[in-house]
Amino acid sequence: MKMRLTDFTMAYLEAGEGLPVLLIHGYPLSKNIWQPQLEGLASAARLIAPDLRGHGGSSATSGTYSMELLADDCHALLGALGIRPPVVVGGLSMGGYVAMAYARKYPAELAGLLLVATRAAADTPEARNNRLKAMESARQDGLEATFDNMLPKLLSPQTLAKNSQLAKRVHHIMAATSLQGVLGDLAGMRERPDAMEVLLGFKKPALIVHGEDDQIIPRVEAESMHAALSDSQLVVIPGAGHLPPLEQPEAFNQAVSGFLGHVTRR
Ligand code: MLT
């Protein structure tokens, strides 16, 4: 499905009924990373998984995709779908940065936060420099090189060794990201502010999920978000790297389903 928003068209997938749960993908991915959740959690909630601008079936715009801009895009989609708060906002990695930007901008609209394979900290000076190098490489060497370089970092050694089909699927998902999307994301992540104070002020339930073998974001980042939040649970999933929803969908869905029960009982 597609929705025309301010300056672009946003593609999204939807499943289920009840408590709205927004699922925001990471870089350089798409809504399709949430397929196992759209199938497995539809009896528990109304799931909405958008393609961020420049990704998957959404159109691209030029310039920096700040995390606030991407949060506003998601907010506009929910408004256009007639979805009223409260909503659970969830995101994986860069999608988590967007979820925290959403919590900063619209705190009263959240029923809970789902933070997957992500961090609250801003980029270090070294990481900021690496973003520039990645932008240069995407322009010079092309996107295929960007995606080839990213793939082994996204998945756990176990997934890479045993699930070549999933590795192919993730490559296919990445291949639907445009150059404008890659550049916009990298520039936006580079300038994002630290979100620790957002978490310190967040008094509603939160679930943090981290893959035991995440090679992109160390587990200590999940632990420090857990320490900052007042009502959070941290679930570390064995056999998963940076993509627990795809690599270990059953364990992931079980954790989310328990969390949604906690949010609705509260
Ligand atoms: C992501 O998976 O969304 C990105 O790798 C996050 C990042 O580069 O900081």
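Author: Let us begin with contact, which means heavy atoms within 4.5 Å. Before applying it, note that this is a predicted model, in which local features need pLDDT of at least 70 and side-chain atom pairs count only at pLDDT 80 or more, whereas totals for chains, interfaces and linings use all residues. Residues are numbered from 1 along each chain as its sequence is written, and side-chain values use heavy atoms, with hydrogens and water left out.

Reader: Which residues does S230 touch, not counting residues up to four places away in sequence?

Author: With that exclusion, S230 touches F202 and K203. The C-alpha atoms of S230 and F202 are separated by 7.3 Å, although the two residues are 28 apart along the chain. S230 itself sits in the loop between α10 and β8, where helices (H or I, at least four residues) and strands (E, at least two) are DSSP runs, numbered from the N terminus.

Reader: How should I read accessibility, and is E221 buried or exposed?

Author: Buried means under 20% relative accessible area, exposed means over 50%, and partly exposed lies in between, computed with a 1.4 Å probe on protein chains only. E221, which is in helix α10, has a relative accessibility of 17% and therefore counts as buried. S230, by contrast, is partly exposed, with a relative accessible area of 48%. Leaving out residues up to four places away in sequence, E221 touches T118, R119 and A121.

Reader: Where do the buried residues of α10 fall when seen down its axis?

Author: The buried residues of α10, which spans residues 219–228, are E221, A222, M225 and A228. Seen down the axis, they fall within an arc of 125°, so they line one face of the helix; the arc is that of the directions from the helix axis to the C-beta atoms. On the other side of α10, V220 and A227 are exposed. The cover over the buried residues includes α3 (94–105), β6 (110–116), α9 (196–200), β7 (206–211) and β8 (232–237).

Reader: Which residues lie on each side of β7?

Author: In a regular strand the side chains alternate between the two faces of the sheet. In β7, A206, I208 and H210 lie on one side and L207, V209 and G211 on the other, and all of them are buried. β6 is likewise mostly covered, with seven of its seven residues buried.

Reader: What other strand is joined to β6?

Author: Strand β5 (residues 87–92) is joined to β6 by six bridges, and the two run parallel; the bridge partner of V89 in β6 is L113. Here too there is a right-handed β-α-β unit, made by β5, α3 and β6.

Methods. Two strands pair if DSSP finds at least two bridges between them. A crossover is right-handed if, with the strands pointing away from the viewer, the path from the first strand over the helix to the second runs clockwise.
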